[in-house]
Amino acid sequence: MNDSSWGAPAGSGYWGPDQGPAPAGPAYDGLQAAQTRPMPIVPDVPAGDHQDDHDRGAAQPSGPLFRDETPNEHPQEPMSSPSQPAPAAPQKKSAGRDLGAAIGVGVGLGAVIIASLFIWKAAFVGVIAVAVVVGLWELTSRLQERKGIKAPLVPLAVGGAAMVVAGYVRGAEGAWVAMALTALAVLVWRMTEPPEGYLKDVTAGVFAAFYVPFLATFVSLMLTADDGPERVLTFLVLTVVSDTGAYAIGWRFGKHKLAPRISPGKTREGLLGAVAFAMAAGALCMEFLIDDGSWWQGLLLGLAVAASATLGDLGESMIKRDLGIKDMGTLLPGHGGIMDRLDSLLPTAPVVWLLFVLFVGTA
């Protein structure tokens with residue numbers, strides 16, 4: 001076909017320079033139409049799906065009409081397509097855990113604690129010892145799984161339970177002696193295995209002995225006072241109220257991160273909620289539960305509990321982030337593991353014990 005045919009107007013009957021008028025017929029009219037009419041913009045599919053072999057051989061006009069070009073004047077904005085799903089609607093904030101299971105487990109644990117605390121003190125010491133042993137098992141298991149650190153569980157479990165009992169029976173001196181013997185037992189027990197990794201294993205073992213059972217021993221020390229059950233109940237209530245206030249206020253109003261590199265979910269607003277809730281509960285508990293206690297002492301106690309509970313929570317978050325895990329265990333539905341419930345309680349116990357000694361003495 002001669003190139004000059006592109007210059008003839010449609011329907012002029014021009015067939016070529018030497019051939020005379022173009023023969024009439026739908027085939028030739030169709031050819032002229034294919035050469036002159038503008039093509040509609042079609043979806044982005046290969047041209048072969050819509051053109052026959054004759055059309056593919058014909059020259060095609062230029063313009064934003066083909067699959068390698070776009071008619072959109074703003075290519076950075078994708079064109080809408082019926083095949084693309086509509087943008088998802090914004091989702092409401094999620095609590096992040098199964099609240100029904102968490103509440104049920106919390107109520108069950110609370111019933112066991114209250115019953116053992118006020119019916120028979122020795123039974124509550126047993127509850128502490130069981131929690132300590134399970135917490136040690138969770139911690140040492142995660143250390144071995146994630147870091148290959150083999151902190152010896154047997155001497156830790158035996159020594160940890162002994163620490164809790166010694167604190168209740170023999171006071172602070174008994175707790176310190178049990179701690180020293182537990183550390184020594186960890187050093188000796190690990191000698192039965194090859195020396196590779198000895199230093200990191202015994203270091204982790206001594207850390208676990210201090211972090212879980214030794215800190216828990218201060219709960220036993222609180223229990224030895226005449227109003228020991230009330231002191232322990234105050235300690236538990238303030239810690240739980242602090243966590244609850246932080247969760248409730250942070251979930252509803254939290255916008256400013258408290259420590260995003262450690263625990264992205266914690267906010268400054270949540271910390272303020274923890275302080276407010278704990279101080280109010282502390283004033284009530286010291287005024288009505290503790291012998292010779294005063295409401296202003298409860299305000300200070302609540303402030304200290306909010307600070308120590310938050311630091312304890314952040315401390316365990318650091319451990320879990322280093323291990324690359326979300327929870328220490330799965331024993332408690334809606335809560336995680338035992339250690340996930342002890343994280344705020346353990347560092348708070350010595351703080352509360354000390355303030356009780358300063359405010360109302362040890363008797």
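**Reading a predicted protein model, feature by feature**

Biologist: Thanks! Which residue does the side chain of Glu 145 meet in a salt bridge?

Modeller: A salt bridge here is a side-chain nitrogen of Lys or Arg within 4 Å of a carboxyl oxygen of Asp or Glu. Glu 145 pairs with Arg 142, at 3.0 Å from N to O. Arg 142 has a relative accessible area of 13%, so Arg 142 is buried.

Biologist: What span does α4 reach from its first C-alpha to its last?

Modeller: The expected span of a helix is 1.5 Å times one less than its number of residues. With 27 residues, α4 reaches 39 Å, close to the 39 Å expected. Gly 148 follows α4 and has a positive phi, near 70°.

Biologist: Back to charged pairs: how many salt bridges does the count come to?

Modeller: The count comes to seven. One of the pairs is Arg 190 with Asp 201, whose side chains meet at 2.7 Å, N to O. Arg 190 lies in the loop between α5 and α6 (198-223), while Asp 201 is in helix α6, so this pair ties together parts 11 residues apart in sequence. Both residues are buried. Another is Asp 340 with Lys 320, where the closest N and O atoms are 3.0 Å apart. That pair ties together parts 20 residues apart in sequence, because Asp 340 lies in helix α10 (residues 339-360) and Lys 320 in helix α9 (residues 295-323). Asp 340 and Lys 320 are both buried. Salt bridges with shared partners join Glu 316, Lys 320 and Asp 340 into one network.

Biologist: Which residues does Thr 234 touch, not counting residues up to four places away in sequence?

Modeller: Contact means heavy atoms within 4.5 Å. Thr 234, in helix α7 (residues 228-253), touches Cys 285, Leu 289, Ile 290, Leu 301 and Phe 356. Thr 234 counts as buried because its relative accessibility is 0%. Across the protein chain, 67% of the contacts with a separation of 6 or more are between residues 24 or more positions apart.

Biologist: And which residues make the nonpolar surface patch?

Modeller: Patches are made of residues with over 30% relative accessible area and no salt bridge; like charges are joined within 9 Å, and nonpolar side chains (Val, Leu, Ile, Met, Phe, Trp, Tyr) within 5 Å. Val 177, Leu 181, Leu 184, Leu 187, Val 188 and Met 191 make a patch of about 560 Å². Leu 181 belongs to helix α5 (residues 153-189) and is exposed, with a relative accessible area of 54%. The areas come from the Shrake-Rupley method with a 1.4 Å probe; for residues, only the protein chains shown count as cover.

Biologist: Where is pLDDT under 50?

Modeller: pLDDT is the predictor's confidence in each residue, from 0 to 100. pLDDT stays under 50 over residues 22-39, a stretch with 17 contacts beyond four places in sequence. Residues 42-82 are also below 50, with 28 contacts beyond near neighbours in sequence. The protein chain averages 81, and 72% of the residues score at least 70.

Conventions
Residues are numbered from 1 along each chain as its sequence is written. This is a predicted model: local features need pLDDT of at least 70, side-chain atom pairs count only at pLDDT 80 or more; totals for chains, interfaces and linings use all residues. Side-chain values use heavy atoms; hydrogens and water are left out. Helices (H or I, at least four residues) and strands (E, at least two) are DSSP runs, numbered from the N terminus. Buried means under 20% relative accessible area, exposed over 50%, partly exposed in between (1.4 Å probe, protein chains only).
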